Amino acid sequence: MGETGHYAVLDQLIADGVTHIFGNPGTVEQGLLDAMMDRPALSYVLTLQESVAIYAADAYARATGGLAVAQIHSSPGLGNAIGALYQAHRGHSPILVFGGDAGIRYQAMDAQMAADLVGMARPVTKWATMVMDPSSLLRVLRRAIKVALTPPCGPVYVCLPQDILDAEAREPVVPTSLPNTRALPDPDLLDRAALALAAAKRPTLYVGDGVARSGAQAALARVAEMLGADVWGVDSGEVNLSYAHPLWRGQTGHMFGSHSLPITSSGDVNLVVGTYMVPEVFPELGSIYAPGATTIHIDLDADAIAKNHPVDIGLLADPKVALEALAGRLEVRLTGDGRSAAGERLAEAAAVKEKAQAQVRATAAGSGGAALTFAQVAAELVPRLPADALVFDEALTNSPALTGFLQPAGPGGFYQTRGGSLGTGLAGGLGLQAAAPGKTVLAVSGDGGAMYVIQALWSAVRHALPIKYVVCNNRSYRLLQANISEFWSERAIAGRGFPIPFDLSTPALDFAQTARSMGVAAARVETAEQIVPAVEAALAHDGPFLLDVVLEADVHPELVGVRCGQ
Ligand SMILES: Cc1ncc(C[n+]2csc(CCOP(=O)(O)OP(=O)(O)O)c2C)c(N)n1
Ligand SMILES: [Mg+2]
């Protein structure tokens, strides 16, 4: 007998340039793990919970711009992975997830761990399937890889029953064929878009990670500058325009349509690229644009265009080539008056930006009462990072303090959570460091987020990934406290304390101690004087290091356990 499917799967991955598999094994994947011992080209990154594997793979896919591979166990493993797959799916991360199953021959038996695995995976993946016959093992695998990597990208799940893999594999191993998607828009429609934008009094751009995926940052900056247009991030978790760019206005926000409505209704001509309008938890149900405004949308995702709100010109096209072509048309269509008005808007935006940055620095310098703010920490940490450091930001309520100093500029250095599943920060660090060995990786998490995936620290030590971790230990689910304040104000409810389940103060979480228990060096930072020595120790250390930063908080340990046993 020739080689079995176990080896064929691994050889297919190697033919597609895969070097890392993030995983957590079980008995029904034993043959694959056994075969992996004979394929040293593949590194298996052992994670101790499936969600960690998926979050790490998600970050790896984002940092490499290519395919990530994750292996998970059958029904219980897939169950653990669902929340993480949800976030990868919303973020359009190309991840091939494969998991085992005892075998096709046992399908009628309702055997232990049997479940509708494909049905479980379907809502959180771009495609989910099970290989049913050895003659189509690699055909299915290649199709899954192609689906994952074709925009709009996304995770795919392939169930590999053990009896299929035990059979002889006769298909040839050939690299997966990927279509080129640098699609240009219709020239006449592009010209109409340029005409509308050139005539705008208040052109406004809304951009998401479709820009970064297509490498369209420079083209976007050029279009924004030619128009003097504000640029807003909409579910933008990467650097689509430098945060330091005068025209970058920040994010429209993930939660409330009432917060984004004043923004989305501010432009007379809107250009949406690489996102959809508007991915929020409580979106505005009415119209979000100004009456009479024109909206143009460029995307490789047909579903994103006019998903919730009408567009006037929808262009199914690659953001990079489409924006480059749009810039060419704007050169022709912009009048002298239009150019000078755009120049004025740009200059005005630069002045506003300068003021805002001065405010960020002043706030950090001015804070420093009894309890630490994260701005104080970021002010010392960020300038000490190498310019090419990679940062995973799951700091949540402390994220503005981080980005205020970091001002991520270049493509490929900055990643935020997408999709709302907590735990991306610590686990994402694994993926970034695996993608960029030799570079400094900073993974910042809230204390709440850290506890969903704390075992990620173990994997960093196990695989010698020298990630620098920061946990913003505000002893609370601060974001939930902020959000319930909105709930109260909308309903005119006044004068209440925060629900006790948002309070993590008791028992106290000591992340430095927890880190050390898994072999990660650590320091606890509780005073301003401790910041610089701890940051310097972390960056000088040659392995993973965790900074447990104890921050200001609104917590009431005296109430925990008192009210309703909470
Ligand atoms: C898996 C998951 N469970 C629960 C939530 C709900 N949730 C949203 S924000 C939040 C609090 C996060 O706390 P922390 O990470 O400490 O950040 P902070 O809000 O304190 O800045 C929670 C529990 C979620 N988003 N994802
Ligand atoms: Mg917190």
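This is a predicted model: local features need pLDDT of at least 70, side-chain atom pairs count only at pLDDT 80 or more; totals for chains, interfaces and linings use all residues.

Biologist: In what order do the strands of the six-stranded open sheet run?

Modeller: The edges are strand 9 (248–251) and strand 12 (313–316), each of which pairs on one side only. From one strand to the next the twist averages 15 degrees. Pairing in the sheet is parallel, and the order is 9-8-7-10-11-12.

Biologist: How many bridges link strand 7 and strand 10?

Modeller: Strand 7 spans residues 203–207 and strand 10 spans residues 269–273. Y206 stands opposite V272 in strand 10. The two strands pair in the parallel sense, and the number of bridges is five.

Biologist: What angle does the direction of helix 8 make with that of strand 12?

Modeller: Helix 8, residues 187–198, packs on the sheet. Its contacts there are with strand 7, strand 10, strand 11 (294–299) and strand 12. With the direction of strand 12, the direction of helix 8 makes an angle of about 130 degrees.

Biologist: Which element gives the largest share of the shell around ligand 1?

Modeller: The shell holds 18 residues, and the closest are T397, G446, G448, R478 and L479. Two elements give two or more residues to it: helix 17 (447–452) and helix 19 (478–490). The largest share, four residues, comes from helix 17.

Biologist: By class, how many residues of the shell around ligand 1 are polar?

Modeller: Six residues of the shell are nonpolar and two are charged. The polar residues number 10.

Biologist: Why is the protein chain described as being as compact as a globular protein of its length?

Modeller: The chain has 21 helices and 18 strands. For 566 residues the globule rule gives 24 Å, and the chain is as compact as a globular protein of that length because its radius of gyration is close to this value. Along the principal axes the C-alpha trace spans about 75 × 65 × 45 Å. The radius of gyration itself is 25 Å.

Technical notes:
Residues are numbered from 1 along each chain as its sequence is written. Chains are lettered from A and ligands numbered from 1 in the order in which they are written. A residue is near a molecule or strand if its C-beta atom, placed from the backbone, lies within 6 Å of it. Ala, Val, Leu, Ile, Met, Phe, Trp, Tyr, Cys and Pro count as nonpolar, Asp, Glu, Lys and Arg as charged, and the others, Gly among them, as polar. Two strands pair if DSSP finds at least two bridges between them. Axes are lines fitted to C-alpha atoms, for helices over the stretch in contact, and angles run from 0 to 180 degrees between N-to-C directions. Two residues are in contact if their C-beta atoms, placed from the backbone, lie within 7 Å. The radius of gyration is taken over C-alpha atoms; the globule rule is 2.2 Å times the number of residues to the power 0.38.
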